[in-house]
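The entries follow in the order in which I looked them up.

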Amino acid sequence: MTDRLGSGWGSRIDRSRRFDFRFEGRAIAAHPGDTLASALAAQGEWVLSRSFKYHRPRGVMTMAGQDANTLVQVGDEPNVRADLRPAAEGLEVSPVNVLGSLKRDSGRIIDHLGRFLPVGFYYRTFFGPTRGSWEKLWEPIIRRSAGLGVVSLDPTPRTYHKATRHCDVMVVGAGPSGLSAALAASAKGAQVMLVEREPELGGALTYARFDIDRTEAEAQLQDLRARVLADPNIECLLGATCNGRFEDNWLPILQGDTLIRVRARDLVIATGAHEQPAIFRNNDLPGVMLSSAAQRLMRHYAVRPGRRAVVLAAHRDGYLTAFDLQDAGVEVALIVDPEGRDGDGFNAECQRRRIPVLRGATIESARGGLHVDRVTIREGSGTIRHEACDLVAVAGGYTPGYQLALHAGAKLTSDAEGLTFALTGLPAHVHVCGAAQGLSNLSAVIDSGAQAGLRAVTGAADETPAAVPGWRRAPRLVPHKQGRDFVDFDEDLQAKDIVNAVADGYRELELVKRYSTVGMGPSQGRHSALATARLVAGQTGRTLGEVGVTTSRPPFGPEKLGLLADTTPERERHTPLHGEHLSAGAKMQPVGAWWRPFLYRGNESVAEGVTREIRLVREGAAMLDVSTLGKLDLRGPDAAEFLDRFYTMAHAKQPVGRVRYCLALNEMGSILDDGVAYRIAPEHFYVTATTGAVERVFAEMMLKKTIWGLRVDIQNVTPTFGAINVTGPQTRAVLERLAGDVDLSREGFGFLDGRTGHLAGVPVRIMRIGFTGELSYEIHAPQSQTVALWRALRAAGATPYGLEASRILRLEKGHIIIGQDTDALTTPDELGMSWALSGKKPFYVGRQAVAMRRAIGQARKLCGFTLPDRSDLGESALVMKGGQPVGHVTSFGFSLTLDRWIGMAYAAPEDAVPGQSLRLRRFTGGEVEAKVVPLPFYDPENTRQEL
Amino acid sequence: MKLMTCPMNGPRSIAEFQWLGAVQPDDDPQGGALVERLFFAPNLLGVLREWWRHTPTNTVFIAERHLTTNEILRTYFHNAGTDSTAGAAQ
């Protein structure tokens with residue numbers, strides 16, 4: 001059975017159609033246009049949820065999606081605001097935070113134990129009674145009782161979308177000021193986007209009365225709405241929330257399952273105002289609601305908010321709501337006005353309507369079980385009076401919709417009593433108007449919108465508005481001696497909790513907030529911030545102006561993780577030979593963004609495969625895809641000079657056709673990167689960099705080139721070239737089988753030489769360098785022809801090998817990997833690489849720092865060690881000395897060639913000497929002794945690579 | 001997300017830029033002066049000159065940014081006449 005008001009009420013519902021949804025298993029009838037909360041209220045279902053801490057019954061409070069009372073679960077979707085979510089046929093809606101049923105909640109017992117949960121309860125209690133109490137005792141209890149909805153572990157898949165838009169002017173809020181701002185900006189030629197959280201334009205014009213006679217509001221609504229809808233320059237986004245303001249007006253707009261990221265040149269904040277509740281005992285009972293909520297229920301949904309009402313009018317809107325209620329057929333038992341005089345001039349109208357007004361009085365408490373059934377009023381004389389009612393409409397005054405302005409860096413200031421507010425200090429291109437600016441008179445609101453729209457086009461800055469009266473009286477704020485006078489409904493905080501927080505020594509608002517958790521719930525202080533500030537001001541003998549209001553940060557309202565999730569696919573990089581590896585049966589491995597072959601595996605185990613590949617390199621001819629190497633082309637008259645400054649070795653006198661090791665340091669003398677430089681021509685170097693560091697090295701090169709003003713052109717040609725390192729004692733024979741114009745003989749192409757020519761018809765740059773310690777030729781070819789070269793090499797007898805074998809081979813040869821064997825502090829001296837530091841050059845990056853660090857002395861040194869078995873060690877195992885860690889293992893593996901486990905580790909310099917020993921900590925505890933040996937482990941005379 | 005005016009490409013989203021550190025004198029400090037350069041960050045409440053790079057086009061330039069307001073006041077090339085005023089130009 002539903003109870004709806006007659007025609008003239010319910011602008012949003014279509015009474016000609018009806019459908020059902022289910023709430024806690026009960027069928028609820030709804031019309032199209034209803035929200036879940038309005039349909040429930042129409043059927044007399046006023047209890048929507050149970051409160052967070054005390055499990056108190058809660059119902060409609062704002063009807064604007066601004067409170068936590070209406071949070072419900074819809075199917076597997078938690079935390080749905082019932083006063084925003086449109087009702088739809090067949091929805092399964094259930095209440096949250098309920099033990100048992102909504103009307104018989106066994107958690108309600110906590111309400112009667114409330115005195116055991118004082119403010120700071122969590123903060124103070126969980127340190128005891130013993131160490132470990134938190135994990136063993138408290139956390140399980142809290143995990144069971146905390147949180148509101150239930151997250152489904154098997155949810156219905158849902159797709160979220162992102163869009164990016166631009167506009168000249170973004171207007172947030174389509175109330176009277178927002179509509180007129182959009183029209184004014186559009187009239188000056190701006191492209192305007194207008195964002196409104198409600199499903200229709202108009203804001204307060206759609207539900208509020210504005211005056212005794214509503215004719216003007218109705219006329220303005222029709223006129224502004226029609227003009228905006230007809231304006232081709234204005235795009236309206238309804239049911240959309242601007243959830244924050246970021247730098248340069250970067251604005252996230254949430255609309256359903258879409259996140260629209262808008263870059264607006266100018267932003268007009270027309271977010272209106274938040275009506276404030278009043279503080280009295282049991283002010284949270286269902287049936288106690290904001291005056292605007294009662295008006296929304298009637299005008300939007302034709303829902304009768306009650307049968308007999310008491311109205312608390314701390315603002316003129318209280319009187320206007322009383323008139324609305326009476327017009328809708330609700331008996332208005334009493335208007336309670338905290339002020340002694342007829343400040344709003346409604347006396348005559350109240351008399352005409354025979355509505356009794358009690359001046360200089362306050363509501364002290366409400367009473368009722370699941371719904372309010374009477375209120376206790378204290379008259380100015382001190383007389384106590386009771387009034388039966390099933391509706392308490394509270395007009396507690398307003399705070400501006402300040403959130404977006406505060407995100408933009410503005411300050412919210414108020415007078416001493418918190419009756420008038422102003423937003424000051426807005427940055428350029430941000431404007432505020434209407435109720436958000438502190439205005440309440442309709443024509444002033446519309447006018448301020450038009451001015452803000454104009455400023456948004458002309459670029460004029462906002463001036464600090466003069467404070468406008470109209471927020472004129474604050475209801476009494478004295479904690480009730482029996483409590484249950486809620487300041488923060490989300491967190492179940494009573495007035496005395498705030499008072500006690502101050503008594504516990506937290507005098508500043510930001511500290512009170514953190515100690516008590518006030519304002520931390522879903523409504524983010526929209527209804528608690530002002531009352532809290534007033535209580536703190538009262539307790540500390542300061543004015544509200546001195547205490548201030550807590551700040552506001554994005555997001556304004558709740559947002560789903562699905563909207564935030566990055567949906568761009570993960571970037572993968574493939575070398576030109578990727579397809580060759582896959583068809584050869586390679587097991588691939590990600591290395592940063594790249595995918596590289598780990599092992600070409602036949603019918604063998606991984607260990608057998610790696611062993612086979614290592615043998616192949618040591619005895620035959622093998623090849624590794626090294627296309628991921630960073631490659632840089634440097635050309636110009638100052639190319640050699642540039643390399644001399646950027647790297648530690650000497651390049652100015654490097655002969656054409658020679659390859660030289662490169663080591664780059666940062667200004668601190670730590671190793672940045674390494675590679676090789678091949679001088680192709682007097683003014684042309686081809687330089688390699690580490691796979692993972694090339695972007696950084698390239699950026700650093702561009703910066704240094706700019707600072708030094710050198711004539712050199714630097715190109716990052718990493719993806720332009722593929723690269724294959726052919727290695728093993730049989731390599732020369734394999735290469736000589738290919739047609740080419742490069743002399744590959746030992747005499748004609750020595751170790752560390754570079755040649756440019758053709759091989760198998762492919763243009764190549766060849767360098768005699770390698771990582772394995774064997775005879776090696778590193779062949780770089782245009783990426784488009786790398787596959788042809790690879791196939792020719794295979795046909796000539798080279799067999800591919802993978803990264804795991806490569807890792808062992810390079811370790812046997814003692815080659816370091818930047819980033820694995822080095823960290824942000826590693827110096828060349830610690831690696832025993834002083835040979836790479838030119839003593840003759842007057843300058844290279846890091847030269848001064850290397851000298852200074854050398855003077856300080858070394859704390860560690862990298863050395864090689866061997867062990868007969870694995871010993872439960874691995875990379876990152878600690879090197880111990882006297883029970884203290886002094887270093888760690890950087891590389892570790894089994895050497896087939898040496899038939900021993902080998903590794904490199906940082907150790908104390910006195911221990912990092914061949915013949916000494918290291919104490920290494922096993923992963924599972926205990927220490928093992930390892931013998932320090934000279935590096936490299938394999939072929940120390942370098943005879944094999946120089947074959 | 002912030003905007004920055006590249007002297008080559010005009011106003012672009014800050015995500016396209018790479019920060020390369022404060023502009024330092026082009027010298028080779030030693031001893032205490034080097035230690036100060038490396039480890040003393042003045043963190044001033046005022047305008048800092050910084051190196052930035054527009055990564056898609058590999059353009060290195062200087063920006064003047066106010067560290068209190070995060071406002072980018074000016075961007076321009078090193079040792080060049082091309083000058084672009086950011087912020088007001090957006």
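I count two residues as in contact if their C-beta atoms, placed from the backbone, lie within 7 Å. I take helices (H or I, at least four residues) and strands (E, at least two) as DSSP runs, numbered from the N terminus. The model is predicted, and local features need pLDDT of at least 70, side-chain atom pairs count only at pLDDT 80 or more, and totals for chains, interfaces and linings use all residues. Residues are numbered from 1 along each chain as its sequence is written, while chains are lettered from A and ligands numbered from 1 in the order in which they are written.

Entry on a helix pair. I looked up where α7(A) meets α8(A): A:S291, A:A294, A:Q295 and A:M298 face A:D317, A:G318, A:T321, A:D324 and A:L325. I sorted these contact residues into 3 nonpolar, 4 polar and 2 charged (Ala, Val, Leu, Ile, Met, Phe, Trp, Tyr, Cys and Pro are nonpolar, Asp, Glu, Lys and Arg charged, the others, Gly among them, polar). The axes of α7 (residues 291-301) and α8 (residues 316-327) of chain A come within 9 Å and cross at roughly 30°; axes are lines fitted to C-alpha atoms, for helices over the stretch in contact, with angles from 0 to 180 degrees between N-to-C directions. α7(A) and α8(A) are therefore roughly parallel (angles under 35 degrees).

Entry on the chains. I found 18 residues of chain B in contact with 17 residues of chain A. On chain B, β3 (17-22), α1 (31-39) and β4 (47-54) each give two or more residues to this side.

Definitions and conventions:
Angles under 35 degrees count as roughly parallel, over 145 as roughly antiparallel, 65 to 115 as roughly perpendicular and the rest as oblique.
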